[in-house]
Amino acid sequence: MKYSSQITIELPREKTISIFDNAENMKHWQRGLIHYKQLSGDFGAEGAKMQLDYKMGKRELTMIETIIKNDLPDLLITSYDTKGVYNIQTNRFEVTSNGHTKWTSESEFRFNNLMMKIMGFLMPGAFKKQSLKYMKDFKAFAEDNKSVLD
């Protein structure tokens, strides 16, 4: 399953990237993030791995993030691996004509078990909705300092 989401952050790209590329800020815009831990490599370096732990309702979820390509401020490609799902995310950050930042996120999901394949087939909109929610929460945090923790 592949899809793309897009949002405009009303900040200069340099400021947007400084907020986006700071692990301490993730808890303010990634709803449900309860813990993260660098597993290998330096934060943001290609090949680096980070463990991300989320609580979504009564369910807990652990993902391993791997930095595939870091060419910020233009491009960041990461993969996320969790039980039954592998996701590659390509994030592009462009300067708009009025000096803001257009963030385009391309997501590709591969499902490794029958239950997740069924979910991906029956509920593709839920995945896109979740991606767009994270983007909107980032926008609110970056522009207005509005945290999902509040």
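This report describes the nonpolar core, the aromatic pairs, the salt bridges and part of the strand pairing in a predicted model.

Residues are numbered from 1 along each chain as its sequence is written, and the side-chain values rest on heavy atoms, with hydrogens and water left out. Because the model is predicted, local features are reported at pLDDT of at least 70 and side-chain atom pairs count only at pLDDT 80 or more, whereas totals for chains, interfaces and linings use all residues.

## Nonpolar core

A nonpolar core is taken here as a set of buried Ala, Val, Leu, Ile, Met, Phe, Trp, Tyr and Cys residues joined through side-chain atoms within 4.5 Å. Burial is judged by relative accessible area, where buried means under 20%, exposed over 50% and partly exposed in between (1.4 Å probe, protein chains only). The largest such core has 26 residues, and those touching the most other members are Phe20, Trp29, Leu52, Tyr54, Trp103 and Phe138. At least two residues of this core come from each of strand S1 (2-9), helix H1 (13-20), helix H2 (26-29), strand S3 (49-56), strand S4 (59-71), strand S5 (75-82) and helix H4 (124-144). The most is given by H4, with 5 residues. Helices (H or I, at least four residues) and strands (E, at least two) are DSSP runs numbered from the N terminus.

The surroundings of Trp29 can be listed by contact, meaning heavy atoms within 4.5 Å. When residues up to four places away in sequence are not counted, Trp29 touches Phe20, Trp103, Tyr134, Asp137, Phe138, Phe141 and Val148.

## Aromatic pairs

Rings of Phe, Tyr and Trp (its six-membered ring) pair if their centres lie within 6.5 Å, and planes under 30 degrees apart count as stacked, over 60 as edge-to-face and the rest as tilted. The structure holds 9 aromatic pairs by this rule. In one of them, the ring centres of Trp103 and Phe138 are 5.5 Å apart and the planes stand at 80 degrees, so the pair is edge-to-face. This pair links distant parts of the chain, since Trp103 lies in strand S7 (residues 101-111) and Phe138 in helix H4, 35 residues apart. Trp103 is buried, with a relative accessible area of 3%, and Phe138 is buried as well, at 0%. Ring pairs also join Phe20, Trp29, Phe93, Trp103 and Phe138 into a cluster.

## Salt bridges

A salt bridge is counted when a side-chain nitrogen of Lys or Arg lies within 4 Å of a carboxyl oxygen of Asp or Glu, and the count comes to 8 salt bridges. Among them are the following.

| Salt bridge | N to O distance |
|---|---|
| Asp137 and Arg31 | 3.1 Å |
| Lys55 and Glu60 | 3.9 Å |
| Lys139 and Glu143 | 2.7 Å |

In the salt bridge of Asp137 and Arg31, Asp137 belongs to helix H4 and Arg31 to the loop between H2 and strand S2 (33-40), so the pair ties together parts that are 106 residues apart in sequence. Asp137 counts as buried at 7% relative accessibility, while Arg31 is partly exposed at 38%. A network of salt bridges links Arg31, Lys133 and Asp137.

Lys139 and Glu143 both lie in helix H4, 4 residues apart, about one turn of the helix, and Glu143 is partly exposed, with a relative accessible area of 25%.

## Strand S5 and its partners

Two strands pair if DSSP finds at least two bridges between them. S4 and S5 run antiparallel and are joined by 7 bridges, forming a hairpin with 3 residues between them. On its other pairing, S5 runs antiparallel to strand S6 (residues 85-95), with 8 bridges between the two. The hairpin of S5 and S6 has 2 residues between the strands, and in this hairpin Gly84 takes a positive phi near 85 degrees. Of the 8 residues of S5, 7 are buried, so this strand is largely enclosed by the rest of the structure.

Lys69 lies in strand S4 and is partly exposed at 36% relative accessibility. Leaving aside neighbours within four places in sequence, Lys69 is in contact with Glu46, Leu75, Leu76 and Ile77. The C-alpha atoms of Lys69 and Ser79 are 9.9 Å apart in space, with the two residues 10 apart in sequence.
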